[in-house]
Amino acid sequence: MRVVTWNLWWRFGPWEARQKAILSVLRDLDPDVVGLQEVWAAGGENLAEWLAGELGLHSAWAPYHASERWQRRIGDASVEIGNAVLSRWPVIAQDVLPLPAPTDVADGRLALYTRLAAPAHDIPFFTTHLTSQLHASAVRCRQVTALAGFVARHRGDTPFPPLVTGDFNAWPDSDEIRLFGGHRTAPPVPRQVFLDAWEYADPTAPSATWDAANPYVAQGGMPSSRIDYIHIGVGGPVRLREVRRAGDGPVDGVWASDHAAVVADLVVEEVGPGSVSCSAG
């Protein structure tokens with residue numbers, strides 16, 4: 001089972017050329033489920049729906065509940081922004097959590113939950129996009145606390161562990177990532193623990209998803225960092241086989257986004273003694 005998370009950089013930059021590059025990357029990856037952030041909708045068109053149609057996948061989309069600050073940045077009040085899920089399997093339920101944020105940084109960010117009807121087990125799948133300001137770690141801590149409660153409410157009766165994807169806008173050693181994981185500090189929801197899929201990556205592999213090698217990132221002068229995540233709930237019939245970046249170079253001269261994607265290949269099986277699995281014990 002191939003899981004992808006990717007921030008698509010909304011309608012910034014050469015978005016029409018980037019749209020084709022995004023499709024090319026996803027087509028090559030052939031994913032089973034994708035969590036997307038900064039997905040546009042305008043004039044009856046929706047990027048997630050278009051991608052799903054091109055790739056033969058199902059889709060779900062949720063618009064941010066306050067897009068005005070985003071729209072002012074591109075000078076177009078007709079374009080909406082949201083999170084989306086693409087899935088090989090039908091989406092049989094969904095819900096949205098507006099993320100808490102004070103007025104000075106509030107711009108409508110949210111978490112999207114979907115329940116996916118996979119053949120062996122339903123999958124509780126989430127994607128989110130946390131506040132981006134560098135000084136806002138305390139805000140992100142509030143947001144991951146709310147997110148953890150949202151996941152717990154939608155965990156359901158499936159044995160498949162929750163998969164939580166997204167642009168957390170936080171470095172791996174930050175308070176908010178440690179808090180959400182719940183195994184380096186007390187978890188927001190008792191006994192609910194998540195493992196960062198990248199912990200299983202080749203330690204020599206490039207890890208930055210916000211990478212100064214990308215010209216859209218380089219022009220801002222910020223250092224490279226890993227801020228996009230696939231979090232896997234502990235327990236259940238899942239082990240992680242491989243994790244890597246994708247979309248981390250140009251496609252026919254066009255960079256698809258200012259973020260690289262994260263790709264995780266999971267094996268769905270009953271976990272036996274001695275297995276390397278996303279479980280603790």
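Me: Which elements each supply at least two residues of the lining of the largest pocket?
Reply: The model is predicted: local features need pLDDT of at least 70, side-chain atom pairs count only at pLDDT 80 or more, and totals for chains, interfaces and linings use all residues. Residues are numbered from 1 along each chain as its sequence is written, while side-chain values use heavy atoms, with hydrogens and water left out. Elements are DSSP runs numbered from the N terminus, helices being H or I of at least four residues and strands E of at least two. At least two lining residues come from each of α3 (68-74) and α4.

Me: What is the volume of the largest pocket?
Reply: A pocket is an open set of points on a 1 Å grid over the protein atoms alone, where a 1.4 Å probe fits, with protein on both sides within 12 Å along at least five of seven lines; lining residues have an atom within 4 Å of a point. Grid points are joined across faces, edges and corners, and the volume is the space filled by probe spheres set on them. For the largest pocket, this space is about 610 Å³.

Me: Which of the 27 lining residues are the closest to the centre of the largest pocket?
Reply: The lining has eleven nonpolar, nine polar and seven charged residues. The closest to the centre are Ser-132, Leu-134, Asn-169, Trp-210 and Ile-227.

Me: Is Glu-38 buried or exposed?
Reply: Glu-38 lies in strand β2 and has a positive phi, near 55 degrees, although the residue is not glycine. Buried means under 20% relative accessible area, exposed over 50%, and partly exposed in between (1.4 Å probe, protein chains only). At 7% relative accessibility, Glu-38 is therefore buried.

Me: Is Asp-30 buried or exposed?
Reply: Asp-30 belongs to the loop between α1 (15-29) and β2 (33-42), and its phi is near 50 degrees. Because its relative accessible area is 51%, Asp-30 is exposed.

Me: Which residue of β13 is the bridge partner of Val-3?
Reply: Seven of the eight residues in β13 (261-268) are buried. Strands pair if DSSP finds at least two bridges between them, and four join β1 (2-7) to β13 in an antiparallel arrangement. The β13 partner of Val-3 is Ala-264.

Technical notes
Ala, Val, Leu, Ile, Met, Phe, Trp, Tyr, Cys and Pro count as nonpolar, Asp, Glu, Lys and Arg as charged, and the others, Gly among them, as polar.
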